[in-house]
Amino acid sequence: MSLGALMEEKRRATTSSSSSQVHMSNDIDWQMLDKSRFFFLGAALFSGVSTALYPIVVLKTRQQVSPTRVSCANISLAIARLEGLRGFYKGFGTSLLGTIPARALYMTALEITKSSVGQATVRLGLSDTTSLAVANGAAGLTSAVAAQTVWTPIDVVSQRLMIQGDVSLSKHLPGVMNSCRYRNGFDAFRKILYTDGPRGFYRGFGISILTYAPSNAVWWASYSLAQKSIWSRYKHSYNHKEDAGGSVVVQALSAATASGCSALVTMPVDTIKTRLQVLDAEENGRRRAMTVMQSVKSLMKEGGVGACYRGLGPRWVSMSMSATTMITTYEFLKRLATKKQK
């Protein structure tokens, strides 16, 4: 029996006499999906979302590795003047190719865990609200860990391409800027493998897990709780019944709410992770991978705690826009991929 069916059965048994019960929009479980349509349509829809949001990720990355505080407007103007439109999409091909398998892995782990843990919590007699929060939190944790095995190497390659050509970095960080010049993603892959070996693709992997696993768990748990709370107020304030338009509004607001806190809490760790992945340290005339402590000391020297929050603006916007579009696209995708009832 699916999670949705179990929760519906529980509702009928415990709240059949209550007319004031606020129900969430019908949840589509993993067993209800046509997997081939789910992954094919997902690749197309999420590729479109990634294309639209990629320039914001480039701005965020350049701010995080910048030795001084530079506004998004100035970075945007510099990229437009010196690099043109292509500057906003450096590393995009590599990112897109890696995002497709990473997203498939992420969605698979997310849905399977959500379904399995959800069924277990319902059988344990937990309330609907608690079951949703626990299932979504566990699903967010496992999906982030699974996806990082693919996303970390893609991040290392694409972020190095993103900052290539940034004149301010070459001028102010001559001792830590990676000296390699990359023609494209394949060339970057080949050179990283030659200079650093396979470990070079997993720079910052541990801190990536520390960044994304808890963040994802908190995001999905808070999203489910925010969705239930906002949906309740939406229906009570406007006397709406469940409808597609109302569901989209609630999902978008819930996603934006969950993203704001997540961006603020995880920003320092994300800045350290980004620097570990793209910058080198110089010791005794030799370049080597930067350590966490070296990255932290460098940030403290450059601007204290405030330096850890460089790029917060575009990251907040990126996470909010990405989460809002991703979750509405994701829920829409699940409806498109639902198996036809026989």
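Which residues does the UniProt annotation "transmembrane region" cover? According to the unreviewed UniProt entry, this annotation covers residues 38–59, and in the predicted model examined here that stretch of the chain is 100% helix and 0% strand, with its end C-alpha atoms 31 Å apart. The annotation is taken from the record, whereas the helix content over residues 38–59 is computed from the atoms of the model.

As a whole, the chain has eleven helices and two strands, and its elements, followed from the N terminus, run α-α-α-α-α-α-α-α-α-β-β-α-α. Of the 342 residues in the chain, 50% are buried, and the accessible surface of the chain comes to about 16700 Å², of which carbon and sulfur atoms supply 63%. When contacts between residues at least 6 apart in sequence are considered, 81% of them join residues at least 24 apart.

Charged side chains were then examined. Side chains of opposite charge can pair when their charged atoms come close. A search of the whole structure finds 13 salt bridges, including one between E83 and R62, in which the closest N and O atoms are 2.9 Å apart. This pair links distant parts of the chain, with E83 placed in the loop between helix 3 (72–82) and helix 4 (92–123) and R62 placed in helix 2 (residues 35–65), at a separation of 21 residues. Both E83 and R62 are buried.

A salt bridge is also formed by R315 and D270, whose side chains meet at an N to O distance of 3.4 Å. Because R315 belongs to helix 11 (residues 312–336) and D270 to helix 9 (residues 244–278), the pair ties together parts of the chain that are 45 residues apart in sequence. R315 counts as buried because its relative accessibility is 6%, and D270 likewise counts as buried, at 0% relative accessibility.

Within helix 4, E111 and K114 are three residues apart, so about one helical turn separates them; their salt bridge has its closest N and O atoms 3.7 Å apart. The relative accessibility of E111 is 2%, and this residue is therefore classed as buried, while K114, at 7%, is classed as buried as well. A further group, consisting of R183, D187, R190 and K191, is linked in a network of salt bridges.

Cysteine pairing was considered next. A disulfide is a covalent bond between the sulfur atoms of two cysteines. With a cut-off of 2.5 Å between cysteine sulfur atoms, the count comes to zero disulfides. As for individual cysteines, C72 counts as partly exposed, at 25% relative accessibility, whereas C308 has a relative accessible area of 8% and is buried.

On the surface, L264, V265, M300, V305, Y309 and W316 form a nonpolar patch, and together these residues have about 550 Å² of accessible area. One of its members, V305, is situated in the loop between helix 10 (292–303) and helix 11. V305 is classed as exposed because its relative accessible area is 56%, which is above the cut-off of 50%.

How values were computed
Residues are numbered from 1 along each chain as its sequence is written. This is a predicted model: local features need pLDDT of at least 70, side-chain atom pairs count only at pLDDT 80 or more; totals for chains, interfaces and linings use all residues. Side-chain values use heavy atoms; hydrogens and water are left out. A salt bridge is a side-chain nitrogen of Lys or Arg within 4 Å of a carboxyl oxygen of Asp or Glu. Helices (H or I, at least four residues) and strands (E, at least two) are DSSP runs, numbered from the N terminus. Buried means under 20% relative accessible area, exposed over 50%, partly exposed in between (1.4 Å probe, protein chains only). Patches are made of residues with over 30% relative accessible area and no salt bridge: like charges are joined within 9 Å, nonpolar side chains (Val, Leu, Ile, Met, Phe, Trp, Tyr) within 5 Å. Accessible areas come from the Shrake-Rupley method with a 1.4 Å probe; for residues, only the protein chains shown count as cover. UniProt positions are given in the numbering used here, feature names are shortened, and annotations may be inferred rather than shown by experiment. Contact means heavy atoms within 4.5 Å.
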